[in-house]
Amino acid sequence: PQTSDSSAAEYNVQLGYAYLRQGNLPIAKEKLERAAEQDPANPAVHSALGLLYERLGDIKAADKHYATALRLAPGDPEIENNYAIYLCRNGRVAEGVKRFEQAARNPLYRTPEAAYTNAGVCQRGAGLSAEAETSFRRALQVRPNYAEAAYQLGDLRLQQGATDAARTDVDGYLNSFRATPEL
């Protein structure tokens, strides 16, 4: 029975995420709360609930579920990254960047370049352009063909009025890797 509850919870989390993507928050809430009943010790359930409650505007509940997810799976880079996104969206930039960097440094994290890019976007949104540039460059050091980091870096340089530097960065990318529509 425990295995079936655990499996059912995993399915309900997947359904909850699908409904979140569709914007159907009532059904997403129903599925994710059912998952929490089925497997209350599953960190993925609490991470998904954190995202749901953030979308619902219940910051206190979102914080509670993210904290539970981190307690149940300390150091899980996926949860760290998701929580960092939440922190940045809610103006807690320093905490968010710290979490992004922790996720990126975790050797088990499959996409550290995404965490560094997310940190840069967070920093850029807070007006920390120099720090954002450093984060985008870190992402490109980890994965030189990561188009999102190249785009963000080029766009940051354009925003700063450094058009020649932006062009050099983007041209350097395009000379080595496949173009994306944004680039």
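Reply: Start with Phe 136. At 0% relative accessibility it counts as buried (under 20% relative accessible area; over 50% is exposed and anything in between is partly exposed, with a 1.4 Å probe and protein chains only). The model is predicted: local features need pLDDT of at least 70, side-chain atom pairs count only at pLDDT 80 or more, and totals for chains, interfaces and linings use all residues. Residues are numbered from 1 along each chain as its sequence is written, and side-chain values use heavy atoms, with hydrogens and water left out.

Phe 136 sits in helix α8, residues 129–142. Helices here are DSSP runs (H or I, at least four residues), as strands are (E, at least two), numbered from the N terminus. What does Phe 136 touch, leaving aside residues up to four places away in sequence? Its contacts are Thr 117, Gly 120, Val 121, Ala 149, Gln 152, Leu 153 and Leu 156. A contact means heavy atoms within 4.5 Å. Asn 118 lies 18 residues from Phe 136 along the chain, and their C-alpha atoms are 8.6 Å apart.

Next, the disulfide. Cys 88 and Cys 122 form one, with sulfur atoms 2.0 Å apart. Cys 88 belongs to helix α5 (77–89) and Cys 122 to helix α7 (112–125), so the pair ties together parts 34 residues apart in sequence. The rule is a pair of cysteine sulfur atoms within 2.5 Å, and by it the count comes to 1 disulfide. The torsion about the S-S bond of Cys 88 and Cys 122 is about -95°, so the disulfide is left-handed. Both ends are shielded: Cys 88 counts as buried at 17% relative accessibility, and Cys 122 counts as buried at 8%.

Back to α8, now for charge. Arg 137 pairs with Asp 169 in a salt bridge at 3.7 Å, N to O. This links distant parts of the chain, with Arg 137 in α8 and Asp 169 in helix α10 (163–176), 32 residues apart. A salt bridge here is a side-chain nitrogen of Lys or Arg within 4 Å of a carboxyl oxygen of Asp or Glu. Arg 137 is partly exposed, at 31% relative accessibility. The pair belongs to a network of salt bridges that links Glu 133, Arg 137, Arg 157 and Asp 169. Side chains of opposite charge can pair when their charged atoms come close.

How many salt bridges does the whole structure hold? The search finds 15. One of them joins Arg 92 and Asp 63 at 3.2 Å, N to O. Arg 92 lies in the loop between α5 and α6 (93–105) and Asp 63 in helix α4, so this pair ties together parts 29 residues apart in sequence. Arg 92 is partly exposed at 26%, and Asp 63 is partly exposed at 23%. Lys 29 and Glu 33 form another, their closest N and O atoms 3.3 Å apart. Both residues lie in helix α2 (25–38), 4 residues apart, about one turn of the helix. Each is partly exposed: Lys 29 at 29% relative accessibility and Glu 33 at 29%.

Helix α4 (59–72) also holds Thr 68. Thr 68 counts as buried at 13% relative accessibility. Its side chain reaches the backbone oxygen of Lys 64 at 2.9 Å.

Now the nonpolar packing. The largest nonpolar core has 23 residues, and Leu 32, Leu 49 and Leu 52 touch the most other members. Two or more residues come from each of α1 (2–22), α2, α3 (43–56), α4 and α5. The largest share, 6 residues, is from α3. A second, separate core of 17 residues includes Ala 104, Tyr 109, Ala 115 and Leu 153. A nonpolar core is a set of buried Ala, Val, Leu, Ile, Met, Phe, Trp, Tyr and Cys residues joined through side-chain atoms within 4.5 Å. Leu 52 touches Leu 20, Leu 25, Ala 28, Lys 29 and Leu 32, not counting residues up to four places away in sequence. In soluble globular proteins, nonpolar side chains tend to be buried together.

Last, confidence. The protein averages a pLDDT of 94, and 98% of the residues score at least 70. That score is the predictor's confidence in each residue, from 0 to 100. Among the elements, α7 has the highest mean (98) and α10 the lowest (88). Cys 122 lies in α7, and Asp 169 lies in α10.

Key. Polar contact = N/O pair within 3.5 Å; in protein donor to acceptor, adjacent residues only side chain to side chain.
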